[in-house]
Structures are given as C-alpha cells and as structure tokens.
Amino acid sequence: MVDLSNSLEQNLTAHLGQIGTGSMANEKRRKLILVNPVNRLRIGFTNTQGTHAMPLGLGIVAAVTPDDWVVEMIDEYFEEFTVRPADLVALTGFTPAAFRAYEIASMCREAGIHTVIGGIHASMCSEEAARFVDTVFTGEAEGAWPQLIADFEAGQIRRFYDGGIVDVASIAAPRRDIYDKYPYVYDLVQTSRGCPWGCEFCSVTRMCGKTYRERDVEAVLQELAETKRKLVFFVDDNLVNLKKGAEERAIELFRGMVNRKLNKTWYSQAAVNFADNEQVLYWARKSGCFMLLMGIEAENPNALKDVRKNLNLKRGVSSYDRVFKKMHRHGIGVLAAMIFGMDSDTREDLYARRDFILNSSIDTYQCTILTPLPGTVLFNRLDSENRIVMNNYPYDWQQHDGMIATIRTPNLDRDELDDIMREIWMKLYHKESLRRKMFRTLWNTRSFKTAYWTYATGHNYGRMFLERFIRRNDTISDKLEWLNEKRSLFLRLTDAVIWLFYRISWQRMLRRSIDR
Ligand code: B12
Ligand code: SF4
C-alpha cells in the first residue's frame with residue numbers, strides 16, 4: 001500500500017517559507033487573481049499539451065466580475081502559482097486538485113490576501129474547504145459572485161455564499177481573453193447543463209441539477225464564432241439529451257456551424273442515444289465531429305445495475321455494437337468511458353471487461369477504477385460501509401482520480417484491485433493494442449483524422465493511467481511498449497505509417513490551432 005501519512009499541515013509548512021507579501025491597497029482598480037490548481041501527485045494531465053483544458057468555470061467567474069476589477073488567471077497546467085499582489089485570490093478545483101488548492105489558499109492567507117474557493121469540490125465539501133480558505137462559494141458563479149464582490153468592496157465579505165443552480169437565461173458566456181496568455185490547444189464551450197439520470201458515481205446531477213438546461217442555440221453559435229482555436233470541446237455531459245426536441249436542437253446547432261462556415265474540429269460527451277438519429281450523426285460529422293466520449297461503463301448488466309447506469313440498462317448491452325457501427329458509418333470514433341471495480345465485479349469480470357474493450361469496435365477508451373467522489377450517492381454508500389480505504393482527507397483527495405484503487409469491493413481488497421488494474425492497463429494501453437485499434441478504426445470509419453485522433457487519445461490515457469509505473473523522475477515515457485521489452489515486428493513494420501499520420505494530421509492540426 002502507498003504510504004500516505006503526509007498531513008496537509010506538513011506540506012504547507014514547506015511552502016510557507018517561499019511566500020512573498022503584497023497588497024493592492026494603494027491601487028485604484030482592485031485586482032482579482034483566478035487560479036486553476038493542479039494535482040501535484042500526478043503529472044499525466046500536465047504532461048502533454050493535448051490534455052491542457054482551459055478552466056471554463058473561471059472564465060465565467062471573470063465574466064460576472066465588475067469591469068472595474070483587473071482580472072488575471074493563473075493556470076497551473078502551465079505555471080506554478082506563486083504569491084503575488086492581489087486583493088482577492090479565487091480558486092476553482094476538481095476533487096483531485098483540492099489539496100493543492102488548500103496549499104495555495106494557505107500561502108495567500110499567510111500573505112494577508114483574502115481567498116475564495118468555488119467549483120465542484122468546494123460545493124461538495126464546503127465545511128472542509130472552510131478550514132483552509134477564507135470564503136467558500138458553493139454552486140454556480142452566476143448566482144452570487146456579484147454579491148460576493150459587492151460585499152468584499154464594502155468590507156463585509158462572508159464565510160459562505162451559495163450561487164445555487166441558476167436559470168438557463170442567467171448562464172453566462174466565459175470571458176475568453178483570460179485564456180489568451182496560455183497556448184491551449186482547444187476551446188471549451190458548454191451548450192447545456194444538468195442531467196436527470198443520477199448515476200451513482202457521478203456528481204453532475206447534484207452539482208448541475210436534475211433538469212437539462214439548454215442554452216439558446218443562437219447564443220452558442222455566436223460564442224463559437226468568437227472562439228479562436230480550430231479545435232473545440234463541447235463539455236456538455238450529454239450533448240444530445242433525452243428531452244423532447246433535443247435532437248432537433250442538436251441538428252440546428254450543427255447545421256448552424258456548417259452554414260456559418262465555422263470550420264471547427266470538435267469532440268464532446270454523449271450517451272448511447274446519440275446514435276438514434278441519422279440526421280444528428282450526419283450534421284455532427286459535417287460540422288467537424290470526429291470523436292465522442294460515450295458513457296458505456298460496463299458490458300455486464302450486473303455491473304451497470306450496481307452503479308445505477310439505468311440508461312444503458314434500459315437500452316441493453318446488446319445495443320452497443322449497433323451504436324458503434326452507426327457512429328462509424330458517419331466517420332465518428334467512439335471513446336468509451338469504462339469503469340472497473342463495481343460491487344459484483346470478480347477478478348474474472350474485470351478481465352472480461354478488458355477483453356470486451358479489445359474485441360469490440362470501440363475505438364479508444366478511458367478505463368477508470370470506480371472512485372467515490374464526495375457528494376455522490378456512491379461516496380455516501382461506501383463511506384457508510386467503511387469501504388473507502390484511502391480516506392486521509394484532504395491529502396487523499398489527490399488519489400481520487402480513478403487512476404488508483406481507493407476502495408475495497410465485496411470481492412477484492414484494495415491492493416488486489418490495484419494489481420489487477422495495473423495488468424489490465426498495461427495490456428489496454430500497450431502501444432501494440434492502441435495501434436491495432438487505430439487500424440481497425442481506420443477500416444471502420446474510413447477516416448484518417450478519426451483514426452489518428454483516437455490513437456492519440458489512447459496514448460494520452462496510457463500516459464495518465466500508467467504514470468505510476470512508467471514515470472521516470474519528472475517525465476513519462478512516450479513509448480507505451482513496456483520497460484525493457486523488445487519492439488515487436490508489428491510495431492516496427494507499422495512505424496512508417498504512423499510517422500505519415502503524424503506529419504499530415506496531428507502536427508498540422510496542432511500548428512494551425514496554436515498559430516491561429
Ligand atoms: C470538461 C471536464 C473535464 C476536462 C477538464 C476541463 C477543465 N480544465 O476544467 C477534462 C477532460 C480534462 C476532465 C478531466 C477529469 N475530470 Co472532468 N469534467 C469535465 C466536465 C464534463 C465539465 C467541466 C466544465 O467545464 N463545466 C462547465 C463549467 C462552467 O462548470 P464548473 O467548472 O462547474 O464551474 C461553475 C461552478 O462550479 C462555479 N465555479 C467553478 N469554479 C469556481 C470558482 C469560484 C471562485 C467561484 C465563485 C465559482 C466557481 O461557477 C461556474 C459557473 O457556473 C465536468 C462535468 C460537469 N458537468 O461539470 C466533469 C467533472 C468536473 N470531471 C470529473 C472528473 C472525476 C474528472 C477526472 C478525475 C476524470 C478522469 N479520471 O479522467 C479528470 C481529472 C482532471 C484533473 N486535472 O485532475 C468530475 C469531478 C468530480 C469532482 N468531485 O471533482 C466531474 C464533475 C464529472 C463527474 N462525472 O462527476 N474533466
Ligand atoms: S454519468 Fe452521465 S448520464 Fe449518468 S448522471 Fe452523470 S452525466 Fe448523467
């Protein structure tokens with residue numbers, strides 16, 4: 001087992017020596033620094049530019065900040081936060097980054113700067129956050145940030161604010177100029193919020209609400225037209241939801257992108273219903289879609305039942321293949337989100353899931369271990385059953401990213417689950433498996449672009465999931481054929497094809513996107 005005895009206090013003491021001081025008291029315009037903290041236990045997410053996603057929530061905080069404030073954003077994907085003069089430092093953060101957020105807050109507090117934290121983790125663990133941060137903001141920025149700023153200006157800022165879940169008309173477009181200082185590869189755009197499904201492991205229903213809040217298509221198209229990068233990630237949890245009229249709305253959006261000649265290349269997240277309507281698929285591809293992350297989670301109905309993945313249960317696991325084929329006919333690749341370690345999963349079930357992934361026509365995959373994120377039904381259940389093994393919070397939040405076992409299951413203890421997953425990841429993300437998938441994708445979709453993107457995505461995940469096993473100092477080997485292993489004939493023979501792909505597809509796209 002990994003030794004996780006470090007306490008936050010110990011880590012903070014190490015940092016406090018570096019703190020500078022600063023105040024903007026004499027400046028006329030007040031200064032707000034927004035910070036996107038990054039989990040320091042993992043470098044997989046910071047290792048390649050392709051995984052550096054702009055923090056959309058902070059763009060929205062900036063958008064609802066009064067104009068007479070100077071706003072600057074520090075994204076730790078690109079630079080480490082150091083204390084600098086400011087009136088207010090506001091942090092966001094997913095659960096794995098919460099520990100780092102608290103370190104930053106403590107550094108700022110020590111320097112006399114008022115700190116605020118918002119975002120998903122603070123919303124789920126507000127009492128914990130209040131131990132480390134001056135003000136805790138739960139819910140959506142649009143709902144109460146202007147009030148917080150007004151209170152701060154009046155010298156009456158409170159400990160807690162709740163923005164709640166705002167009306168769809170109040171959803172703000174992010175202030176994108178705050179992203180200009182960093183070379184993000186893609187723009188993030190959100191067309192809707194909320195999901196009624198309530199899968200046991202997911203935070204979205206609680207954080208974003210049970211109803212789909214769909215932004216006006218015209219407003220989204222306008223926002224898209226203003227984005228600078230060619231690549232777009234629509235961060236909706238389900239780009240085509242199950243509400244009446246959702247397919248027509250999607251077609252209107254995609255067709256609008258074509259008619260306005262936005263010329264984007266995009267990917268997004270969806271459920272199996274995305275493939276229900278041929279017109280949706282046709283316009284999606286025509287407007288630049290090349291891949292969709294799909295919540296498949298498991299091929300075994302018992303495992304789906306365990307985590308209340310009711311949509312997939314309703315459709316039946318036998319429908320998966322039909323869905324993949326339909327996507328492929330339109331040249332769209334499937335990035336399957338898969339979960340391992342459900343209550344009913346035995347050792348054999350986990351290997352069966354691996355084999356399903358390898359043998360099905362899934363193009364690429366994100367294979368996480370079931371992880372209890374705070375605020376979810378899963379967290380409450382496993383906590384009450386005393387099954388969360390990594391529970392030295394907030395330090396252990398850094399491990400809650402699906403890439404290490406944090407729980408024991410009825411069939412496997414933590415170490416067994418972790419060992420099996422290591423073996424499974426080694427097979428799934430072996431360069432040879434990824435390359436075989438790539439050729440299959442090329443055959444199924446007849447699209448070089450899709451084949452190369454799904455291949456590159458597999459590589460990124462390989463680096464992330466295997467980081468603990470292939471990390472050397474502060475770099476992660478790009479060669480996903482394993483340590484001391486001889487390169488197979490298959491890899492050597494296909495290297496030339498890959499080189500060609502790289503030259504004509506990925507590199508050109510990256511250059512175009514960054515040069516803008
Ligand atoms: C896009 C996305 C990503 C992107 C990251 C983009 C980025 N840089 O932010 C990528 C693909 C990299 C990613 C990765 C992961 N993700 Co993710 N991701 C999302 C997704 C789909 C959308 C996030 C988003 O942009 N939302 C839109 C913005 C506007 O919403 P927001 O950030 O919540 O901000 C609003 C409020 O929270 C608030 N707010 C936010 N920050 C602040 C700050 C202040 C000061 C204030 C006042 C308010 C405020 O106001 C904002 C506007 O209303 C969410 C699901 C969701 N619906 O939110 C999951 C989600 C955030 N991800 C999740 C997870 C688990 C992960 C991974 C661990 C998964 C994995 N193993 O791969 C990794 C971890 C990444 C890491 N670095 O550690 C979980 C997080 C749960 C948790 N407790 O942390 C979510 C909620 C999904 C889920 N199923 O539960 N993810
Ligand atoms: S996993 Fe997907 S379908 Fe399930 S609650 Fe979360 S967003 Fe909704």
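**Finding the way around**

Guide: Let's begin at one pair of strands: E5 (residues 135-138) and E6 run parallel and are joined by three bridges. Keep in mind that this is a predicted model.

Visitor: Which residue in E6 is the bridge partner of Phe137?
Guide: That is Tyr161.

Visitor: And what sheet do E5 and E6 sit in, and in what order do the strands come?
Guide: They belong to an open sheet of six strands with parallel pairing, ordered E2-E1-E3-E4-E5-E6. At the edges are E2 (69-75) and E6 (160-162), each of which pairs on one side only. From one strand to the next, the twist averages 20 degrees.

Visitor: Which helix packs on the sheet, touching E1, E2 and E3?
Guide: Helix H2 (residues 56-63) does that, and its direction makes about 165 degrees with that of strand E1 (30-36). Helix H3 (residues 98-110) lies across E1, E3 and strand E4 (114-117), and runs at about 160 degrees to E4.

Visitor: Let's stay with E3. How many bridges join E3 to E1?
Guide: Four, and the two strands run parallel. Within that pair, Val35 stands opposite Leu91. E3 is also joined to E4 by four bridges, again in parallel, with Ala90 opposite Val116.

Visitor: What do E3, H3 and E4 make together?
Guide: A right-handed β-α-β unit.

Visitor: Which way do the E3 side chains point, and are they buried or exposed?
Guide: Leu88 and Ala90 point one way, Val89 and Leu91 point the other way, and all of them are buried.

Visitor: Ok, zooming out. How many helices and strands does the protein have?
Guide: It has 20 helices and 16 strands. Of its 516 residues, 47% count as buried. Among contacts between residues at least 6 apart in sequence, 76% join residues at least 24 apart.

Visitor: Which residues touch the most other members of the largest nonpolar core?
Guide: Leu34, Ile117, Leu292 and Met294, out of the 147 residues in that core. Leaving aside residues up to four places away in sequence, Leu34 touches Leu58, Val61, Ala62, Val71, Met73, Ala90 and Ile178.

Visitor: New topic: the ligand. Which residues come nearest to ligand 1?
Guide: Gly57, Thr92, Gly118, Gly119 and Glu140, from the 40 residues around ligand 1.

Visitor: Which element gives the largest share of the shell?
Guide: H2 does, with four residues. The elements that each supply at least two residues are H2, helix H4 (120-124), helix H6 (141-153), helix H7 (204-208) and strand E14 (364-369).

Visitor: I clicked on Ile296. Where is that?
Guide: Ile296 is in strand E12.

Visitor: Why does Ile296 count as buried?
Guide: Because 27 other C-beta atoms lie within 10 Å of Ile296, and 20 or more is enough to count as buried. Not counting residues up to four places away in sequence, Ile296 touches Tyr320, Ala336, Ala337 and Met338. Ile296 and Val272 are 24 residues apart in sequence, with 7.6 Å from C-alpha to C-alpha.

Visitor: One last stop, Thr191. Which loop is that in?
Guide: Thr191 lies in the loop between strand E7 (186-189) and strand E8 (192-193).

Visitor: Is Thr191 buried or exposed?
Guide: Buried, because Thr191 has 23 other C-beta atoms within 10 Å. Residues up to four places away in sequence aside, Thr191 touches Glu214, Arg215, Val220, Phe234, Asp236 and Leu253. The C-alpha atoms of Thr191 and Arg213 are separated by 8.7 Å, with the two residues 22 apart along the chain.

Visitor: Great, thanks for the tour!

Notes: Residues are numbered from 1 along each chain as its sequence is written. Chains are lettered from A and ligands numbered from 1 in the order in which they are written. This is a predicted model: local features need pLDDT of at least 70, side-chain atom pairs count only at pLDDT 80 or more; totals for chains, interfaces and linings use all residues. A nonpolar core is a set of buried Ala, Val, Leu, Ile, Met, Phe, Trp, Tyr and Cys residues joined through C-beta atoms within 7 Å. A residue is buried if 20 or more other C-beta atoms lie within 10 Å of its own, exposed if 12 or fewer, and partly exposed in between; C-beta atoms are placed from the backbone. Two residues are in contact if their C-beta atoms, placed from the backbone, lie within 7 Å. Two strands pair if DSSP finds at least two bridges between them. Axes are lines fitted to C-alpha atoms, for helices over the stretch in contact, and angles run from 0 to 180 degrees between N-to-C directions. A residue is near a molecule or strand if its C-beta atom, placed from the backbone, lies within 6 Å of it. A crossover is right-handed if, with the strands pointing away from the viewer, the path from the first strand over the helix to the second runs clockwise.
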